[in-house]
Amino acid sequence: MSHASLRPAYHRDGFVVVPDLLGPQQLQELREIIAGLVAASSAVTEHTAVYDLEPGHTPAAPRVRRIKQPHKVHPAFDAVVRSAPVMAVLAELLGPELRLQGSKLNMKAAKYGSPVEWHQDWAFYPHSNDDMLAIGVMLDDMDLENGPLMVVPGSHKGPIWNHHGEDGRFAGLVDPADIEREIASAVALTGRAGTMSFHHVRALHGSALNTSDRSRNLLLYEVSASDAWPLLGVADFDDFNRRLLSGRPTVEPRVTSVPVRLPLPPAARQGSIYENQSSSGKFYFHKANA
């Protein structure tokens, strides 16, 4: 698929999948870094600024479900999103002036890697416009057995679903009973290692438990047009500008008419999406026993 053909498909479906944006040498380097980070997690027993731990984690048997902000943890992760092939796709989909919102590495180890319930990223961080997307970097071959990202085509043009629980607090997931028809039409984003997916910030998506005997590591970056400003405010203006990937700083947000639900009051369990979603009793995906 040429870059010129990506934009129409992205606008139609809310996602595109591009193979071979990472080569074997880059993949090997990232895997070695990840192995070292997982080994080092044996020194911690609770979630930290770097680690989000799986249920059942112990120093003797370390289990990590997320590395937080990996682009700050090791320069190799920062280099991925800034590489020329990735930036070329981003420019085609979002335009020439871009900002990195954040990153995470979601890790699903064989047989127990945690699922992520159905949600829209937009529910977590609404902005002044929705020219925003998430890049999913497949660090392992992904198929239906090891919990690939699943996206509902066209859902980026629809409503912002309710992500709040019965207590009125933000829960970070949609009640599966509300989206049965949407779930039935979801598409699995699969591919060989080195493939990247790009999904719209309003696209409805989730991923199942890893039931295979293989790992499923997905490196995620949130990227926006540089004139998309967070509706909940900018905590650190200097950092906000440092995260520019291209273009110049601006103090003129572009405001468009897009539906918004604010993630307030905050989730009962703060932290990662896993913690937010754990406060709900309405799950779609099966979980492994700790």
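Me: Is F170 buried or exposed?
Reply: F170 is buried, with a relative accessible area of 4%. Buried means under 20% relative accessible area, exposed over 50%, and partly exposed in between (1.4 Å probe, protein chains only). This is a predicted model: local features need pLDDT of at least 70, side-chain atom pairs count only at pLDDT 80 or more, and totals for chains, interfaces and linings use all residues. Residues are numbered from 1 along each chain as its sequence is written, and side-chain values use heavy atoms, with hydrogens and water left out.

Me: How many aromatic pairs turn up in the whole structure?
Reply: Four. Rings of Phe, Tyr and Trp (its six-membered ring) pair if their centres lie within 6.5 Å; planes under 30 degrees apart count as stacked, over 60 as edge-to-face and the rest as tilted.

Me: What about W118 and Y284?
Reply: Their ring centres are 6.1 Å apart and the planes sit at 65°, so the pair is edge-to-face. W118 is in strand β5 and Y284 in the segment after α8, 166 residues apart. Strands (E, at least two residues) and helices (H or I, at least four) are DSSP runs, numbered from the N terminus.

Me: Which of them is buried?
Reply: W118 counts as buried, at 1% relative accessibility. Y284 counts as partly exposed, at 44%.

Me: And how are the rings of F124 and F170 arranged?
Reply: With centres 5.0 Å apart and planes at 85°, they are edge-to-face. F124 is partly exposed, at 21%.

Me: Which residues form a ring cluster?
Reply: W229, F237 and F240, linked by ring pairs.
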